[in-house]
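Please read the following points with the model open beside you, and check each one against the structure as you go.

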Amino acid sequence: MEEKVFFEKLVTKENIKNVFDEYIALKTDNLTEENKVKVPKGLDNTDHNLFQKTLPHQVDMIFKRIRRGNYFFYPLREIEISKDPQLNIKEAKKLGKTRVLSIATIRDVITQKMLYDFLSPITEKEFSQLPYVSFAYRKNVNAQKAAQKVYKELNEGYVYALDADLKGFFDTIPHDKLYDQIQIFFNDMPKIQKILYRFIHVDKGYKRKNRNRIIRVRRKEGIPQGGIISGMLANIYLHQFDRWVISALKAKYNIRYTRYADDFIILAKSEDDIIKVKEECEKYLDSIELILHPNPDKTKISEVNSKKGIDFVGFTISKSNIGIKKSNVLKFQKRIEDILKTTDFSKRKALELLKLRLSYKYFGNDYKKFKCKNCGEFEKTRNWMRFFLIITDYNQLKMLDNWVYKSINFYYFQATGKRLPKKHLKKLDFPSLEKLYYEYRKQLKKETKSCKCTIMDKDLYATEDPYKELFNIYS
C-alpha cells in the first residue's frame, strides 16, 4: 500500500517540477549581488539552465521511467578533494587526507530527493525505537546536540572514552550486507528495493581503457558520498550496530553511546570497561565487514578531565568546557588570511573595504538582514559563530579576536610601514567574534521569531544594502 501511495501520489509531473525548483532555490547564493546558482554538472554535462530549457522532456523522462520501474542512475562524476583546507590536493594525497565527492546529474538528484521524502518517515520510525544515539542525516538532531550530549555524560562521571572512526566507511560498505538491511527496512516494498539496489551499484564514472575504448568504472563496494540518499543508507547500515551497542553491549557494561555518521564515542566510568568495549566493538564491526580505524589519531581510548578533552563533530569537549576544535579554528584563520592577503592597504579607505569583506565571513546571511515578504519575519541566521554558539570556552573567542587584530596589523605594516592602533579598529566597528557570541546568546534567551516558510514559499529581500556601502567606499 505504501509503495502505491509513493508512485501515485509522490511521483507526479508536478512534484518533479517542484523538487527541481526547490533544488535550484537551495543552491542559490543570496549573498551575491547577482544571486548566483551553484549547481555542479554531472557527467551528462547538463547544468540547471539547460535542464530548465528542456524541463518538459526531463520531467516526462523521470516520470515514465520511475513509473515503469526502469529508472537507472547515471554514472557519477567523482572528484577527489582535500579534507584539510591548509593542504592542496597533492599534499593531501601524500598524507592520505582526501575524500571523493560524487556528483550526480540533476535528474538523479531529483529522484534521490523524492525517494528520501518518501523513505525518511519509514526509516525514522525504525530509528526512533532506540533512544537518540544517532545524530547525522536526520531531522531535529545535529552536531551541536551530539556534542552537548557527550558533555553532559562526561559530567555524569563517564570519563573514559573510546573515540572511534570507521576506516573508509562510505567506500567499503559491503553491497550484499547493505542490501540485506535495505530488505529488512523495506521488506514489503520490492520496487523500492530495486531502485535502491541500482543506486548503491551506480558506476563511478568512466575511464579510458585504450585509445579507442572508454569503459564504465563499476562500483564493487561502498556508496557515493554527497547524495541525500547516501546519509540515509549509512544510518540504515549502522542501525544494527546502534541496536547492538544499546542492547547487548550496554547490558554488560555501564556505558553511554553517541554516533555521528561513521564517528562514534562510547563513554564508561571504568578504564577496564572501555578497553573491553573496544575489543567487543572490533569483533562486532568485523562481523559486518567494517573496521575501526587503526590510526591512533582516529581511534583511541583516553581519560577525559577538565583540561584534556576529546574532539567530536567539530568541537573539543572536556569536563569543564565545550570548545572549537583546533582544525576548525585553523580553517577560520585561513579564510581571514586569504582576505588580508588580497587587501591593498596602501589604497584610500582600505580598512573600510576590509571591514566589509570580513563582515561577510563573520555574519553570513545575517549581514544583509534578509526578511521574508510572505511572513514578514527575518531569515534564521546562518554563520560560523551560530554553528559554534554552544561553546562554553569564551577565551577562545578573545584569542581569535586578538589574532585577527595582530594579523591585520601585520599586513597593514607591511604595506604602509605604520602601526595600526587597536582603538582605530574599534572606532570603525570591526566585527568581533566575542561580541557576536554574546549578542546571539542574548537572543537565545528571548523568544525571537524567524521565517519558517518552505523554500518555495520563502520570498526574501535584503533590508541592508552592503553593496551601497561598497560603492561609497570606492567613490
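1. A charge is said to sit over a ring if NZ of Lys or CZ of Arg is within 6 Å of the ring centre and within 35 degrees of the ring normal. In this model, which is a predicted one, R386 lies over the face of Y440, at 4.0 Å from the ring centre. A further case is K269, whose charged end sits over the ring of Y158, 4.8 Å from the centre of that ring.

2. The next topic is the sheet. It is an open sheet of 4 strands in the order β6-β7-β3-β8, and the pairing is antiparallel. Its edge strands are β6 (255-260) and β8 (300-303), each of which pairs on one side only. On average, and with direction ignored, neighbouring strands of this sheet are turned by 15 degrees against each other.

3. The pairings can be followed strand by strand. Strands β6 and β7 run antiparallel and are joined by 6 bridges, with Y257 standing opposite I266 in β7. The hairpin of β6 and β7 has 2 residues between the strands, and in this hairpin A261 takes a positive phi near 60 degrees. Strands β3 and β7 also run antiparallel, joined by 6 bridges, and the bridge partner of A161 in β7 is L267. Strand β3 (residues 160-165) pairs with β8 in the antiparallel sense over 4 bridges, and here Y160 stands opposite E303 in β8.

4. Helix α12 (residues 271-287) lies across β3, β6, β7 and β8, and runs at about 20 degrees to β3. Why is β7 described as largely enclosed by the rest of the structure? The reason is that 5 of the 6 residues of β7 are buried.

5. The largest nonpolar core has 76 residues, and those with the most contacts inside it are L119, F186, F241 and I266. Helix α11 (residues 228-252) gives the largest share of this core, namely 12 residues. If neighbours within four places in sequence are left aside, F186 is in contact with L119, I122, T123, I192, Q193, L196 and I236.

6. The structure holds 27 aromatic pairs. The rings of F241 and F264 have their centres 5.2 Å apart and their planes at 55 degrees, so this pair counts as tilted. Because F241 lies in helix α11 and F264 in strand β7, the pair ties together parts that are 23 residues apart in sequence. Both F241 and F264 are buried. Elsewhere in the list of aromatic residues, F315, F332, Y362, W384, F387 and F388 form one aromatic cluster.

7. A last point concerns Q333, which lies in helix α13 (residues 326-341). Is Q333 buried or exposed? The relative accessible area of Q333 is 16%, and buried means under 20%, so Q333 is buried. Leaving aside the neighbours of Q333 within four places in sequence, Q333 is in contact with L400 and W403. Q333 and V404 are 71 residues apart in sequence, yet 7.9 Å apart in space, C-alpha to C-alpha.

Conventions. Residues numbered from 1 in each chain as written. Predicted model: local features only at pLDDT ≥ 70, side-chain atom pairs only at ≥ 80, totals over all residues. Heavy atoms only, no water. Buried < 20%, exposed > 50% of the residue type's maximum accessible area, 1.4 Å probe, protein only. Contact = heavy atoms within 4.5 Å. Pairing = 2+ DSSP bridges. Axes fitted to C-alpha atoms, helices over the stretch in contact; angles between N-to-C directions. Core = buried A, V, L, I, M, F, W, Y, C linked by side-chain atoms within 4.5 Å. Phe/Tyr/Trp six-rings, centres within 6.5 Å; stacked < 30°, edge-to-face > 60°.
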